[in-house]
Amino acid sequence: MSQKILVVEDDAATADYVARGMSEAGFTVDRADNGRDGLFLASDGSYGAIILDRMMPAMDGMSMLKALRAAGIETPAIILSALGTPEDRVEGLTGGADDYLTKPFAFAELLARVQLLLRRARGGQGGSAVVTMLRHDDLEMDLLSRRVKRGGRAVELQPREFRLLEFFLRHPDQVVTRTMLLEGVWDYHFDPGTNVIDVHVSRLRRKLDDGSDRPLLHTVRGMGYRLGAEK
C-alpha cells in the first residue's frame, strides 16, 4: 500500500497543518486546493489515502469523490469538514467516503484514522481491547492507580508528565512528532512557538532515567522523540 497521501483542501492554513503533520509521520504528501485538481491527481489511483474537504471551489469534495468512484478508483478517503450534522455525515459516507471527521479536529485522531484506513486496505485486522496497564522494556504504567514504575522503582510524575509518558507508551519505538504531542498531550491545534515540549520531555527523561544506565527517551533530531531502547 502506497505511503502517499493526497490532501485536497482550499483553506491554506488547514492544508499546511495537515500536510506538515502527515509529512512528520513519514508520509509523502501531495496537495490540491480544489476538487477539480484533486480529481486529476487522484485519478491514477496511486495514493494510499485521500483527505479532502467538502466545500471547495471548482469542484466540491462530494462531486470529486463520486467521480472517482464512478471511474473505479477505490482509494480510501476521509472527509474533513465543518459540516458535522448526522445528515452531513451520512451523505458523506454514502457518497463514497470511508470515514468522516469534523472540524475542528485533533491531528492525532486524523492520523489514527488514516492509518486505520491503510490497514483495512491491506486487509489488516484492528483490535479495540481496553487496556489498563501499559508496559515497555522495564517501564510500566497503571492507568487506574496512576502509578508508574521503572525496574520496580516508583516514578513520581506530575499530571502533565503522566499524560506525556502515556502518549509515548502508546507509541513505543515510534518517532512521535511535536505536532502529535501538542495535540495529544496539550490539546493545542496550533504551534504556540514555545519550548513547552522540550521542557516537559527533559523533566520526564530525568525522572525516568534516574538510577538507570539505559536511557529510554531519545530525541530524534529534526523529527521528534522516541521511547525505547537505544538502537
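## Starting point: T102

T102 sits in strand β5, which covers residues 99-102. T102 has a relative accessible area of 19%. Buried means under 20%, so T102 counts as buried. Leaving out residues up to four places away in sequence, T102 touches S81, L83, G84 and R89.

## The chain as a whole

The protein chain has 231 residues, and 43% of them count as buried. Its secondary structure comes to 8 helices and 12 strands. Along the principal axes, the C-alpha trace spans about 60 × 35 × 35 Å.

Now look at contacts with a separation of 6 or more. Residues 24 or more positions apart account for 59% of these. Y17 and T179 show such a separation in sequence: they are 162 residues apart along the chain. In space, their C-alpha atoms are 8.9 Å apart. Y17 lies in helix α1. With a relative accessible area of 11%, Y17 is buried.

The mean pLDDT of the chain is 87. Of its residues, 94% reach 70 or more. Among the parts of the chain, strand β3 has the highest confidence, at 95. Helix α7, residues 178-184, has the lowest, at a mean of 83.

One stretch needs care. Over residues 124-130, pLDDT stays under 50. The model has 1 contact beyond four places in sequence for this stretch. Where pLDDT is low, the predicted coordinates should not be read in detail.

## D53, an annotated residue

UniProt lists D53 under "modified residue: 4-aspartylphosphate", in an unreviewed entry. Where is D53 placed? D53 is in the loop between β3 (49-52) and α3 (61-70).

Is D53 buried or exposed? D53 is buried, because its relative accessible area is 5% and the cut-off for buried is under 20%. Which residues does D53 touch, not counting those up to four places away in sequence? They are V8, E9, D10, G61, L80, S81 and K103.

D53 is buried, whereas A58 is exposed, with a relative accessible area of 60%. Exposed means over 50%, which is why A58 gets that label.

Setting aside neighbours within four places in sequence, A58 is in contact with N34 and R36. A58 and Y47 are 11 residues apart in sequence. Their C-alpha atoms are 22 Å apart in space.

## A cavity beside D53

The structure holds 1 cavity of 30 Å³ or more. The largest cavity has a volume of about 40 Å³. Its lining is made up of V7, V8, E9, T14, A15, V18, I51, L52, D53 and L80. The elements giving two or more residues to this lining are β1 (4-8), α1 (12-24) and β3. Helix α1 gives the most, with 3 residues.

What kinds of residues line the largest cavity? They divide into 7 nonpolar, 1 polar and 2 charged.

## The largest pocket

The largest pocket has a volume of about 320 Å³. It is lined by 15 residues, and the closest to its centre are L111, Q115, H171, Q174 and M180. Helix α5, residues 107-121, supplies the largest share of the lining, with 5 residues. By type, the lining residues are 8 nonpolar, 4 polar and 3 charged.

## Backbone exceptions

Most residues other than glycine have a negative phi, and most peptide bonds are trans.

The peptide bond from K103 to P104 is cis, with omega near -5°. P104 is found in the loop between β5 and α5.

D137 is not a glycine, yet it has a positive phi of about 55°. D137 is in the loop between β6 (133-136) and β7 (139-142). With a relative accessible area of 45%, D137 is partly exposed.

R146 is not a glycine either, and its phi is positive, at about 65°. R146 lies in the loop between β7 and β8 (147-150). At 46% relative accessibility, R146 counts as partly exposed.

Methods: Residues are numbered from 1 along each chain as its sequence is written. This is a predicted model: local features need pLDDT of at least 70, side-chain atom pairs count only at pLDDT 80 or more; totals for chains, interfaces and linings use all residues. Side-chain values use heavy atoms; hydrogens and water are left out. UniProt positions are given in the numbering used here, feature names are shortened, and annotations may be inferred rather than shown by experiment. Helices (H or I, at least four residues) and strands (E, at least two) are DSSP runs, numbered from the N terminus. Buried means under 20% relative accessible area, exposed over 50%, partly exposed in between (1.4 Å probe, protein chains only). Contact means heavy atoms within 4.5 Å. pLDDT is the predictor's confidence in each residue, from 0 to 100. On a 1 Å grid over the protein atoms alone, a cavity is a set of points where a 1.4 Å probe fits but cannot get out, and a pocket is an open set with protein on both sides within 12 Å along at least five of seven lines; lining residues have an atom within 4 Å of a point. Grid points are joined across faces, edges and corners, and a volume is the space filled by probe spheres set on the points. Ala, Val, Leu, Ile, Met, Phe, Trp, Tyr, Cys and Pro count as nonpolar, Asp, Glu, Lys and Arg as charged, and the others, Gly among them, as polar.
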